[in-house]
Amino acid sequence: MRKMLKVTLAASLGLLAVVFAVGGSTTTAAEDKTPAVSEIMKKSFGKGGFKSAIPAAAKDGKWDDAQKLAKEWNDLGKVIGKNKPPKGEDASWKEQCAKFGDATKAILKATEDKDAKAVNKSVGGFNCGACHKAHKP
Ligand code: HEC
């Protein structure tokens, strides 16, 4: 949405090339492949995100679905730390991202074990506040 606005604005000013050049220089090669933190947050915790979808699938005994989603989530858990923290110390960010990855790994394992109780417990394994306090702008 923000991007679209930027493009529209730039086009109307005839500064498209300049804006793209500037925009390009702020994204590194790693970020091109790694979803942004806010993207990961929305997919994880937004409406219909992994945190609600996986326990829902597990509750219905749809373990194939639950495992597929948990794999996608764990893939994000592996790469979230490749993003630069929008705020805060790099070392703390690495630590928080490692914990995020541990949590998604535990969820994946719970779905592989087809253990609904463990799924419900493990989706509560994120410390939102600790990470947000240090790193959410
Ligand atoms: C590893 C650190 C970390 C953890 C753990 C974490 N977050 Fe976040 N979250 C962030 C950061 C950093 C941002 C800011 C992203 C930005 O603005 O670029 C964010 C942003 C968000 C947003 C706003 C997304 C948007 O841009 O629309 C939501 C919603 C959110 N987090 C929910 C949660 C919830 C709920 C939890 C816990 C269940 C959680 N987060 C755990 C790091 C984390």
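In which helix is Lys51 found?

Lys51 lies in helix H5, helices being DSSP runs of H or I of at least four residues, numbered from the N terminus. This is a predicted model, in which local features need pLDDT of at least 70 and side-chain atom pairs count only at pLDDT 80 or more, while totals for chains, interfaces and linings use all residues. Residues are numbered from 1 along each chain as its sequence is written.

Lys51 counts as partly exposed because it has 17 C-beta neighbours inside 10 Å (20 or more would be buried, 12 or fewer exposed; C-beta atoms are placed from the backbone). Leaving aside residues up to four places away in sequence, Lys51 touches Ser44, Phe45 and Val123 (contact: C-beta atoms within 7 Å).

## Packing of H5 and H6

Helix H5 (residues 50-59) packs with helix H6 (residues 63-79) at an angle of about 155°, and their axes are 8 Å apart (axes are lines fitted to C-alpha atoms over the stretch in contact, with angles from 0 to 180 degrees between N-to-C directions). H5 is therefore roughly antiparallel to H6 (angles over 145 degrees). The contact involves Phe50, Ala53, Ile54, Ala57 and Ala58 of H5, with Asp65, Ala66, Leu69, Ala70 and Trp73 of H6.

## The ligand shell

Of the 17 residues around the ligand, Ser38, Met41, Phe45, Cys128 and Cys131 come nearest (near: C-beta atom within 6 Å). Helices H4 (37-45), H7 (90-112) and H9 (128-135) each supply at least two residues of this shell, and H4 gives the largest share, five residues.

Conventions: Parallel < 35°, antiparallel > 145°, perpendicular 65-115°, else oblique. Contact = placed C-beta atoms within 7 Å.
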